[in-house]
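Subject: Structure handover

Hello,

The structure we talked about is below. My notes on what was found in it follow.

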Amino acid sequence: MAKMFVVLTKGKDDLNMVNVAANFAYSSVKNANATVHFMFLGRGVENLLKDSNGIKPIIELVDKMKSAGIEITYCKVSAKGIGLSEEQLLEGIEPVMGGIQTAKEIDNGFSVITF
């Protein structure tokens, strides 16, 4: 069974790519029975802003991925770097250190796929 670590670096100004990444992850679980973990990294973290105008579709994408059993995280270093606090971001998504998380996923046999 495939193990994929999907990393989203696209910000909220590229919602098409955000959709592509989330749907790729979801479809990989549903259609290929893959194990998928997903991380918002860099500007990708800004997609998780609670007060964003475009947050409703992001909430739906996150809920869809969670319902498929996808583990979702975000890089807290990236969040801090773009001036965001944990309180400003969607709840229920684990903050991690992006580089350390990526290394762990690779050590656990996951292939990294970046959008």
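**Helix H1 and what it packs on**

The buried residues of helix H1 pack against strands S1 and S2 and helix H2. Here helices (H or I, at least four residues) and strands (E, at least two) are DSSP runs, numbered from the N terminus. Contact means heavy atoms within 4.5 Å. Buried means under 20% relative accessible area, exposed over 50%, and partly exposed in between, with a 1.4 Å probe and protein chains only.

Before going on, please note that this is a predicted model, in which local features need pLDDT of at least 70 and side-chain atom pairs count only at pLDDT 80 or more, while totals for chains, interfaces and linings use all residues. Residues are numbered from 1 along each chain as its sequence is written, and side-chain values use heavy atoms, with hydrogens and water left out.

The buried residues in H1 are Val-18, Ala-21, Ala-22, Ala-25, Ser-28 and Val-29. H1 has 18 residues and spans 24 Å from first to last C-alpha, close to the 26 Å expected at 1.5 Å a residue; the expected span is 1.5 Å times one less than the number of residues.

**The sheet**

Five strands form an open sheet in the order S4-S3-S2-S1-S5, with parallel pairing. Strands S4 (94–96) and S5 (111–114) are at the edges with a single partner strand each, so one side of each has no neighbour in the sheet. From one strand to the next the twist averages 30 degrees. H1 (residues 15–32) packs on this sheet and touches S1 (3–8), S2 and S5; its direction makes about 165 degrees with that of S1. For these angles, axes are lines fitted to C-alpha atoms, for helices over the stretch in contact, and angles run from 0 to 180 degrees between N-to-C directions.

Two strands count as paired if DSSP finds at least two bridges between them. S1 and S2 run parallel and are joined by six bridges, and Val-6 has Phe-38 as its bridge partner in S2. S2 (residues 35–40) and S3 (residues 71–75) also pair in the parallel sense, over four bridges; there, the partner of His-37 in S3 is Glu-71. Five of the six residues of S1 are buried, so S1 is largely enclosed by the rest of the structure.

**Cores and aromatic rings**

A nonpolar core is a set of buried Ala, Val, Leu, Ile, Met, Phe, Trp, Tyr and Cys residues joined through side-chain atoms within 4.5 Å. The largest one has 30 residues, of which Phe-38, Phe-40, Leu-48 and Ile-70 touch the most other members. At least two residues of this core come from each of S1, H1, S2, H2 (55–67) and S3. Another core lies apart from it, with five residues, including Phe-5, Val-7, Val-96 and Phe-110.

Two aromatic pairs turn up in a search of the whole structure. In one of them, Phe-38 with Phe-40, the ring centres are 5.1 Å apart and the planes at 65 degrees, so the pair is edge-to-face. Rings of Phe, Tyr and Trp (its six-membered ring) pair if their centres lie within 6.5 Å; planes under 30 degrees apart count as stacked, over 60 as edge-to-face and the rest as tilted. Both Phe-38 and Phe-40 are buried. Beyond four places in sequence, the contacts of Phe-40 include Leu-8, Val-45, Leu-48, Val-62 and Thr-73.

Thr-73 is in strand S3 and is buried, at 2% relative accessible area. Leaving out neighbours within four places in sequence, its contacts include Phe-38, Phe-40, Ile-93 and Gln-101.

Lys-76 is in helix H3 (residues 76–81) and is partly exposed, at 43% relative accessibility. With the same exclusion of neighbours within four places, Lys-76 is in contact with Pro-95, Val-96 and Met-97.

Asn-33 lies in the loop between H1 and S2 and is exposed, with a relative accessible area of 54%. Asn-33 is not a glycine, yet its phi is positive, at about 55 degrees. Most residues other than glycine have a negative phi. Not counting residues up to four places away in sequence, Asn-33 touches Met-1 and Ser-28.

Regards
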